[in-house]
Amino acid sequence: MDRDLSAILARHHHDGGRLVQILRDVMAVAGHISPGAITRVAEALALPRGHVEGVAGFYSFFATEPRGRYRVRFSDNVTDQMAGSRALAQRMLDAFRIELGEVSRDGLVSVGLTSCTGLCDQGPAMLVNDHAIARLTPARIGAITSLIRGGSPVAQWPDNLFRIDSHIRRRDLLLGAPFAAGDGVAAALARGAADVRLQIEQSGLRGRGGAGFSTATKWAACAAAPGPVRHVVCNADEGEPGTFKDRELLAHHLDLVLDGMTVAAVAVGATHGLLYLRGEYPFLIAPIQAALADRRARGLLGRDVGGARGFDFDIELHVGAGAYVCGEESALLESLEGKRGIPRNRPPYPVTHGYRQQPTVVNNVETLAAAALIAVHGGAWFRAVGTPRSAGTKILSVSGDVERPGVYEVPFGTAVRDVLAEAGALDVQAVQVGGPSGTLLAGSELGRRIAFEDVPSAGAVMVFDRTRDILGVVDNFARFFAHESCGFCTPCRVGTTLNHHLMARVCAGKGSRRDVDDLVRVSRLMKAASHCGLGTTAGNPVLDALAKFRPAFDARVASEPGPAFDLDEALAPAREATARDDAGAHLDPEAP
Amino acid sequence: MKPDVPEPRKKLRVATTSLAGCFGCHMSLLDIDERLIPLLELIELDASPLTDKKHVGPCDLGIIEGGVCNADNVHVLRAFRQQCKILVAMGACAVNGGLPAQRNHLDVRDCLQTVYLTGLGVERGFIPNDPELPLPLAQVHPLHDVVKIDYFLPGCPPSADAIWSFLNDLIAGRTPQLGHGLIHYD
């Protein structure tokens, strides 16, 4: 391990800013990050030990205690659950005779859950060490169980286990345009920085990560910010459950994205690019590295990019380690700098004080892909599609109760109903647009439109038919937020956990009207008082569901609160320890 | 026939108790100091550690400190709920479980084993099993996990001023509001 550690540290130039990458490598070699390794890394990087331990403890893909040699994590998004993930997980747990989260006695395997892994169109899905496996069935679970027992390295397992299917179902402006690597770079260089920014402004392009901030405004602010070095960051930390469109863009339209980053570099005068890929997409690492190497060989990255003397730009790949909050741009920057992914105070904004406190534009994968094409075709070409306030198209990830899950690129302004019709949704009860932090639509609202001015979306569309329990969906989302809260601010840290417990109680039929009132109170408080978007949106599923599916709650809760737990059962351990069974050793659950 | 005169203003009947608490909240109640005298013009005490009356009778207001840690706590809490029109959870333990709930991550069987059988210095120990003793619950719970609670008075303990303001509001028929300075979380 010592030699491995030295090699890892050398590979990352003993740069404390690369701590997340270093710890990922330690995990890959050792299976966990031991106290000794934390000390060694801290000494080698001249960082406080507490800092390294803090980072190791923050990301859910890092373990500070020994896990199994095979670390299995089932994706626990609601769409995975609907496809039967929990029963498959139980099958595996039974096979190894362990509990969820436990390591088998021989240290062979541990089985746990993880937040959505972005394979909702081909779930249920899991991660085993650094590999993603989709389309799980009892047969595949059986095969994986045998392979684990056999002890062969995951990398040597049959290739068909790791196949990730592509489901691009509808192409429009972005996915349908012919494009070759370098087209965007050449067009941008021909136009010059000012004209690229002008075209972006005329295109009306707004950020595709969900917030819809004007890309032109962001780029202009960064271009105007003083600083020796500027950075372009591509946010490919696609963590919103139910979203997988960036996965498809990176897998099949990578040149569009990398060209887009280079176009942004031209526009703002950046020399350094960072692509932050979520750790759940390990299958994209090698293709992206290969594409970057290819672009360097072809003069599309490096010195004098595209033959333009003096325009130097290169792109580094950073890989995340399982933290939803890192999708928030300032948390993402912290993570890129090798820290815990805790959102910064803003202002100052990343455009002036971003990566390493230098001017930085952080854009979503889809935004950058659009920018590459706008550089080629001009702003008017893009603006001609969509609505006046939402120009262009939106790439949606459709999953759940539909016949054809996958990626659909539709013009902004398309009715949700039309998207669902194309995807083959039947008997729709509800649709979660934009993931848990987005909007829950009832079946009566399907005429609403995908647009920043109506239903904004980072891309997720999860469909629930009439057989689904809406409270179960909300419960899944509440648990998700409680798990992903970074813990920095009290409203979100405490509020997400309170909501999680309240929803669990309501779902178990132990809740009362008061619990429902508390859900509303906590959700509103989080919205008003949280530090970042995670907390301000964490109450959305609860508030939307209460507004639109109130009877489902009322049917499940008592008007007067009764005991929230089984009183007599709660005495059972003490009865066992004292060997008592007299009347006083019991509690009547019905007594007033 | 009753004389046709207005009834004298009735005093509010109040009961208090401490379940799994430390009596710190009751001490804080006493900390309202000389204001106890005007308070006693407005209330009369029923069951309370201050009166030593053991069983709660019909009351307007019940004030409980401490969480629910054993079977006896459940019985007392249920009696209070039955007898009191308004029930108040006073202090961090009643509201959230508080310090006693620190044991919630331990198995209560292990706790009993360690304390009565295997702990340091324990000789010829046995786990008490007299039917008179209330059994501990598997976990410590806040009051509202067992019965309906009408008002929550947070604090560890709530300050004397907070308790005073809270009681004045209740007696006057106002929804209690703890403004700035009366709630401290740290």
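How many bridges join strand β1 of chain B to strand β3 of chain B, and do the strands run parallel or antiparallel? The number is 5, and the two strands run parallel. Strand β1 covers residues 12-18, and strand β3 covers residues 59-65. Within this pair, B:T16 stands opposite B:I63 in β3(B). The model is a predicted one.

## The sheet of chain B

The pair belongs to an open sheet of 5 strands in chain B. Their order is β2-β1-β3-β5-β7, with parallel pairing. The edges are β2 (43-45) and β7 (151-153) of chain B, each of which pairs on one side only. From one strand to the next, the twist averages 30°. Strands of a sheet pair through backbone hydrogen bonds.

Two helices of chain B lie across these strands. Helix α3, residues 71-83, lies across β1, β3 and β5 (84-90) of chain B. This helix runs at about 135° to β5(B). Helix α6, residues 160-172, lies across β1, β3, β5 and β7 of chain B. Its angle to β7(B) is about 160°.

## The domains of chain A

Chain A is divided into five parts: domain 1 (2-58), domain 2 (70-151 + 160-165), domain 3 (173-374), domain 4 (393-467) and domain 5 (471-554). The centres of domain 2 and domain 4 of chain A, taken over C-alpha atoms, are separated by 28 Å. Their contact takes 5 residues from domain 2 of chain A and 6 residues from domain 4 of chain A. On the domain 2 side, the residues divide into 3 nonpolar, 1 polar and 1 charged.

## A hairpin in chain A

Strands β12 (residues 428-433) and β13 (residues 439-442) of chain A run antiparallel and are joined by 4 bridges. Here A:V431 stands opposite A:L441 in β13(A). The hairpin has 5 residues between its strands. In this hairpin, A:G434 takes a positive phi near 85°.

## A buried serine

A:S397 lies in strand β10 of chain A, which spans residues 393-400. Is A:S397 buried or exposed? A:S397 is buried, because 28 other C-beta atoms lie within 10 Å. Leaving aside neighbours within four places in sequence, the contacts of A:S397 include A:C120, A:F244, A:V407 and A:V461. Also among them are A:G242, A:T243 and A:K245. By contrast, A:A558 is 38 Å from A:S397, C-alpha to C-alpha, and the two are 161 residues apart in sequence.

## Nonpolar cores

The largest nonpolar core has 147 residues. Those touching the most other members are A:L23, A:V257, A:V263, A:A264 and A:A371. Helix α12 of chain A, residues 254-268, gives the most to this core, with 11 residues. In soluble globular proteins, nonpolar side chains tend to be buried together.

What does A:A371 touch, not counting residues up to four places away in sequence? The partners are A:I200, A:L205, A:T215, A:G260, A:V263 and A:A264. A second, separate core has 50 residues. Its members include A:A574 and A:A585, along with B:L29 and B:V108.

## Where the chains meet

The contact between the chains takes 22 residues from chain A and 22 residues from chain B. On the chain A side, the elements giving two or more residues are α24 (567-570) and α25 (572-578) of chain A. The largest share of that side, 6 residues, comes from α25(A). By class, the chain A side has 15 nonpolar, 2 polar and 5 charged residues.

Key. Residues are numbered from 1 along each chain as its sequence is written. Chains are lettered from A and ligands numbered from 1 in the order in which they are written. This is a predicted model: local features need pLDDT of at least 70, side-chain atom pairs count only at pLDDT 80 or more; totals for chains, interfaces and linings use all residues. Two strands pair if DSSP finds at least two bridges between them. Axes are lines fitted to C-alpha atoms, for helices over the stretch in contact, and angles run from 0 to 180 degrees between N-to-C directions. Two residues are in contact if their C-beta atoms, placed from the backbone, lie within 7 Å. Ala, Val, Leu, Ile, Met, Phe, Trp, Tyr, Cys and Pro count as nonpolar, Asp, Glu, Lys and Arg as charged, and the others, Gly among them, as polar. Domain bounds come from an automatic or database domain assignment. A nonpolar core is a set of buried Ala, Val, Leu, Ile, Met, Phe, Trp, Tyr and Cys residues joined through C-beta atoms within 7 Å. A residue is buried if 20 or more other C-beta atoms lie within 10 Å of its own, exposed if 12 or fewer, and partly exposed in between; C-beta atoms are placed from the backbone.
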